[in-house]
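Biologist: Please take a close look at a single helix for me. Tell me which way its residues face and what lies around it.

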Amino acid sequence: MHNRASVLGVDRSLSGKRWLWRGGNMALASPADALSNDIVTQLLLSRGVAPDDLDRHRQPSLRAFLPDPSIFRDMDRAAERLAEAVIAQEQVTIYGDYDVDGATSSALLIRLLRQLGLEAGHYIPDRLLEGYGPSGAALVELGRAGSSLVVTVDCGAMAFDALAEAHEAGIDVIVVDHHKCAPELPRALALVNPNRLDEDDEAAAHGHLAAVGVAFVLAVALVRRLRTSGYFKDRPEPDLMGLLDLVALGTVADVAAIRGLNRAFVAQGLKVMAKRANTGMAALIDASRLKAAPQASDCGFALGPRINAGGRVGESTLGVRLLTTEDPEEARQIAAQLSQLNEERRAIEAAVQEEAEAQIAAQHNRAVITVAGRGWHPGVIGIVAGRLKEKYGRPALAVAIDSETGEGKGSGRSIQGVDLGAAIIAARAEGLLIAGGGHAMAAGFTVAGDKLEQFADWLDERLATPVARASAEQTMLLDLAVAPGGLVPDLVTSLDAAGPYGMGWPGPRVAVGPVRLVKADVVGTDHLRVIAAGQDGASFKGIAFRAAESPMGQALLHGAKGRLLHLAGRAKIDDWGSRPAAELHLEDAAWAD
């Protein structure tokens, strides 16, 4: 790695990172130079687009990226069974997970079936009382209540016992999921999942889809099947494109990779979202106080957390009810309730975070942070683990201990280069955990109270070497470097043209400098605000969120007076003043003198 030249000579920034180019050298000398370069082409190439495929990626459309639904195993069987239910007016229930992906997947199928003349019901399990995935008892009860067909969305791929019970009870179940599968599949009428191990390469290439994306492809297959049966001779076809706002929200909020088909889903879905045709989505946007048309980041930071709050600390059905209602007043009330629950979630999260920070201060400098609290809310521990990981640059696990049983429900988040999921699975095999699994960057587990300390020690010892290696090799990838005068609104517009950005399609990172800090202070809760001035006479604002107490934040607050710096982060538009200006959402800094 170290044979590559560092950007601006930065081998160790204030946050301990080496700055490297994501693509080629894009150190642009002047504002005119920045705007005359074909920045979009460079951004696409550096994100892995082949030179002969650039045109398709400049304006990602469904026409260019949507595959034939039939490439997925069981897709045609699922579409056929759903078509039968529509034609026969059967009672159908959509069984969704309690997060945003589950809510949007459920809402998409309910809205589609409504346009097809069938009013489907929904069932969303309670996170605390029922846990993740379909339960046999719930499926059997749905059958007793009259549902001859249940479609599980964002869950079901590993629900062997529950689906066996449903089969024995004579209930047809279609599973629409995207989670990892075992070689053996549960007993379902159809299991549509690009991550089935028996999928061929063409279908498996779509393994990055969120469940809502898989549900949309099923919607396409269903409409096609009904079209061939003559169902639309005397009725209009449903507006599939009008469902893409749900796909965009679920895809971004579930942190699915924004590449290929997902990028088309999000790009087109944001356009649909801006039209505000979905009553519940419009109410959600209003409750989030978004003044402009929603961007991808709004789905992740404003809209998604409100839907999630219902499943985390409130009532699990609120999200799907909001996204399927046609009543503006009901939508307004649910959106307000979700906003209130989101505030409660933030307060709960802040209290858990504070207790967790106190524990860390009392611990030795472990490679893996493990914090635990009796009575902590299980709905926020994943968020807290993520916050701790970001702040300390190490894998972090947060464990909520049940006050009655002493059993701990844990959630962990890792850093690049440290496979936490594999370690959790190994710990389970060692008998240290009751249950556990995950992937490289995130994992969940259940641990007996008397095994927690032993598990934490075991994990710390196992991951000490990879954590040390990953920490020593930390890098920050930059897309371009400009002088302060080059940080202008037109540059931000050029950078945005290669979006939408998100996981797997990272937003462009810009280095700006050299600069001196005119001002540096703390605003809000631990946010660092700076005003920087360049030798070219240009100045700009920067803000680093939740960074005031970080090594970088402390250096900028107390040690930067009179010194030259390079600043790195995301270029954004600040439209608070009389005319728009460009600002920097600061992620790192390095001395330039």
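Modeller: Let us start with the outward side of helix α8, where D161 and E168 are exposed. Keep in mind that this is a predicted model. The helix runs over residues 160-168. Its buried residues are A162, L163 and A166. These three cover an arc of only 90 degrees around the axis, so they sit on the same side of α8. D161 and E168 are on the other side.

What covers the buried residues of α8? The cover includes helix α7, residues 136-144, and strand β5, residues 172-176. After α8 comes G170. The phi of G170 is positive, near 80 degrees.

Now turn to α7, one of the elements that cover α8. Side chains of opposite charge can pair when their charged atoms come close. In α7, E141 and R144 form such a pair, a salt bridge with the closest N and O atoms 3.5 Å apart. The two residues are three apart in the chain, about one turn of the helix. E141 is partly exposed, with a relative accessible area of 43%. R144 is exposed, at 66%.

Around the buried residues, α7 and β5 are among the covering parts.

Technical notes:
Residues numbered from 1 in each chain as written. Predicted model: local features only at pLDDT ≥ 70, side-chain atom pairs only at ≥ 80, totals over all residues. Heavy atoms only, no water. Buried < 20%, exposed > 50% of the residue type's maximum accessible area, 1.4 Å probe, protein only. Helix = DSSP H or I, 4+ residues; strand = E, 2+ residues; numbered from the N terminus. Arc of directions from axis to C-beta. Contact = heavy atoms within 4.5 Å. Salt bridge = Lys/Arg side-chain N within 4 Å of Asp/Glu carboxyl O.
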